[in-house]
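Here is a short tour to follow in your viewer, one selection at a time.

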Amino acid sequence: METALAKTPRKRQVTFLALLLLLWEAGSEAIGYSIPEETERGYFVANLAKDLGLGVGELATRGAQIHYKGNKQLLHLDIKTGNLLLYEKLDREVLCGATEPCALHFQLLLENPVQFFQVDLQLRDINDHSPEFLEREMLLKIPESVQPGTVFPLKIAQDFDVGSNTVQNYTISPNSHFHVVTHNRGDGSKYPELVLDRALDREGQPELSLTLTALDGGAPPRSGTITVLVVVLDNNDNAPEFSQSLYEVQVPENSPLHSLVLAVSARDLDAGAYGTVAYALVQGNEVTQPFVIDETTGEIRLKRALDFEATRYYNVEIVATDGGGLSGKCTVAIEVLDVNDNAPELTMSTRTSSTPENSPETVVAVFSVSDPDSGDNGKMVCSIDDDLPFLLKPTFKNFYTLVTQRPLDRESRAEYNITITVTDLGTPRLKTEHTITVQVSDVNDNAPAFSQSSYTLFVPENNSPALHIGSVSATDRDSGANAQVTYSLLPPRDPHLPLASLVSINADNGQLFALRSLDFEALRAFEFRVGAADRGSPALRSEALVRVAVLDDNDNPPFVLYPPQNGSAPCTELLPRAAEAGYLVSKVVAVDGDSGQNAWLSFQLLKATEPGLFSVWPHNGEVRTARPLGERDAARHRLVVLVRDSGEPALSASVTLHVLLVDGFSQPYLPPPEAAPAQAQADSLTVYLVVALAAVSSLFLFSVLLFVAVRLCRRDRAASGGRCSVPEGRFPGHLVDVSGAGTLSQSYQYEVCLTGDSGTGEFKFLKPIIPNLWPQGSGEEMGKAATFRNSFGVD
């Protein structure tokens, strides 16, 4: 009878544990509630049984209980009614600080069978704090020489509320000199800056007292004020400037007090007191600010211990003020590095006092582990002794169950001392007895990311082969082999681009090299794509565009297009002796294969047969007369024009112009003499004189015959009263009367036909027309000559 009664409770325990195991895989559900902070104790949050679809009696029969980390009781569950009540008044700022949203995570544990429900209670912030300035007055020293638009940092107001209930805007009392601009920081907080609208006048108003007001976004809004006293100073025209606008530093949380965090440096170009810089922190909360700065050296030191779990990042504003009141500002971003200073914590949820034998996988205990550290310092390993017939199983988040691995034999061993050890992976490792752990591994889910989507590289032409022209950089957020990046050149989209012979890339660091010398005139720019791949499995890839621009070098001298320099005969320009000063003789035309400044050309008269007679315009190459021509000026002139580009160093070319002076474009064209001995010139002149004498003799004979014919014609006309038969019509072209000089004493008329292009300056033909045989003193003969010319249609 007693044996039967003793076995009845044992069967019930087995049944209870079996139900726990059957319901274990059913998982857990999460339900969330939201209440405002500062709600009074006993506040009805919700009917948890109704929301979870449980009967009121189930909570009591299944052993329901609310579990919160650290076993601190914030909520009360009435298992009879299923109502979830507030156990005490909750202050969001105390529980969560600046963290938003403020969510408290609870677990509802049903023991029979085992089932978990996640309950999240979010505390909504109420506007129960006003913005506060830590000081009642702020002093600003501003020189009167400061220009409008100058910005001055102001003190920041502290508001323990979050979201829209924290400080949203800053205003300043109405005045004609300043206004306030509110800026956003990277962490979401706002800070004010004072902007000068109108120049200050120390003699007119040496001091200004302004009221800075900080307003939060509550309804109704709360505010806090501080008095800003502005003292106007004289003539300080250089403000301190920091070597960096942003300093970034990492500080371990276990750094000793007064240890050096960072030294900032600002420079002021002024001398004396105006060049002496004093450093100060623009602190939002001097009470909680753990840093202090030496106003002389700029060294930032630790004045209070850091706590990574409380605050991970600090943005410290540093102001450097010189003796004249001008200031410069920089930001110091301080990242607190976690150290393993927190041992894992174990919270036991349920534990059975006895476990039936011959019942494998029976739940012995349910517990949770936590570690407030981060990274490896917060990763935990849970273990028990290997010689024990028990097994640890992870269940829900950081919850674990201790179950029997095989059936137990009470007769062989009636009692087991099970030690649960929880160890983190920090350095040094910390552990807690009577606890458990979880392990995590990396997954290759991030492709490499280039620092820029496109890169532009500049390479001077005529570079040396294998020149390092730039780099591309890609990073991978994964770790280990998944974060190792290799670079490669992708096939160009233009099939005609010989990319393989132009550039190469270092597969390990992304450095790009030019494989051969580049020519700006042949290839000014080209584009290609670069790929980056990690070493994960499977590998992930990304690509970026690289554009290489070739910079021009002054490697091409000017090339003269006109006058041509490759002809067999030189080009001669004709210049009438009647030309005035500024007469356009010719124009030198040149080009340069380079570009930009290297192709800007200037012209200069380098040599001239007669200095001062000609000038060259430096910008367009026009050759003009510098003065009127005289009778004594030589008939032939040789000009050497220098064409120079504007490169560094400058390259140049020269061109020779031959100018022949003519009287009204009627003298025969004589090619300019080449450089020859004096004897050759004399022989040429003799040939010219012989030819000229023969021509004069022929013309004289023809003129005598023509004169006799005219006389006979006039005699016949007098006898017959008719006209002499002479061919009518004008000679082609224009007739120009040119007076002879030198060895020829007679006058002749020539028909001169000039080309339309003044560049060649050559005659097409030159023929004598009519000799002038009448003496110059006879008026009768002059009249006859005029009648004779009119008969031929000569005007």
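Begin by selecting Arg 41 and Tyr 87: the charged end of Arg 41 sits over the ring of Tyr 87, 4.9 Å from the ring's centre. Keep in mind as you look around that this model is predicted. For another arginine over a ring, go to Arg 624, which lies over the face of Trp 617 at 4.8 Å from the ring centre.

**The largest nonpolar core**

Next, select Tyr 33, Leu 48, Leu 108 and Leu 121. These are the residues with the most contacts inside the largest nonpolar core, which has 28 residues. To see where the core comes from, colour β1 (28-36), β2 (44-47), α2 (48-51), β4 (75-78), β5 (83-86), β6 (102-110) and β7 (115-124); each of them supplies at least two of its residues. Which element gives the largest share of this core? That is β6, with five residues. As background, nonpolar side chains in soluble globular proteins tend to be buried together.

Now centre the view on Leu 121 and show its neighbours. Leaving aside residues up to four places away in sequence, Leu 121 touches Tyr 33, Ser 34, Ile 35, Val 45, Leu 75, Leu 90, Cys 102, Ala 103, Leu 104 and Phe 106.

**Aromatic pairs**

The count of aromatic pairs comes to seven. One to visit is Phe 291 with Tyr 314: the pair is edge-to-face, at 5.2 Å centre to centre, with 85 degrees between the planes. Phe 291 belongs to strand β20 (residues 291-293) and Tyr 314 to strand β22 (residues 313-322), so the pair ties together parts that are 23 residues apart in sequence.

For the last stop, select Phe 450 and Tyr 455. Their ring centres are 6.4 Å apart and their planes stand at 75 degrees, so this pair is edge-to-face. Phe 450 is buried, with a relative accessible area of 14%, and Tyr 455 is buried at 6% relative accessibility.

How values were computed
Residues are numbered from 1 along each chain as its sequence is written. This is a predicted model: local features need pLDDT of at least 70, side-chain atom pairs count only at pLDDT 80 or more; totals for chains, interfaces and linings use all residues. Side-chain values use heavy atoms; hydrogens and water are left out. A nonpolar core is a set of buried Ala, Val, Leu, Ile, Met, Phe, Trp, Tyr and Cys residues joined through side-chain atoms within 4.5 Å. Buried means under 20% relative accessible area, exposed over 50%, partly exposed in between (1.4 Å probe, protein chains only). Helices (H or I, at least four residues) and strands (E, at least two) are DSSP runs, numbered from the N terminus. Contact means heavy atoms within 4.5 Å. Rings of Phe, Tyr and Trp (its six-membered ring) pair if their centres lie within 6.5 Å; planes under 30 degrees apart count as stacked, over 60 as edge-to-face and the rest as tilted. A charge sits over a ring if NZ of Lys or CZ of Arg is within 6 Å of the ring centre and within 35 degrees of the ring normal.
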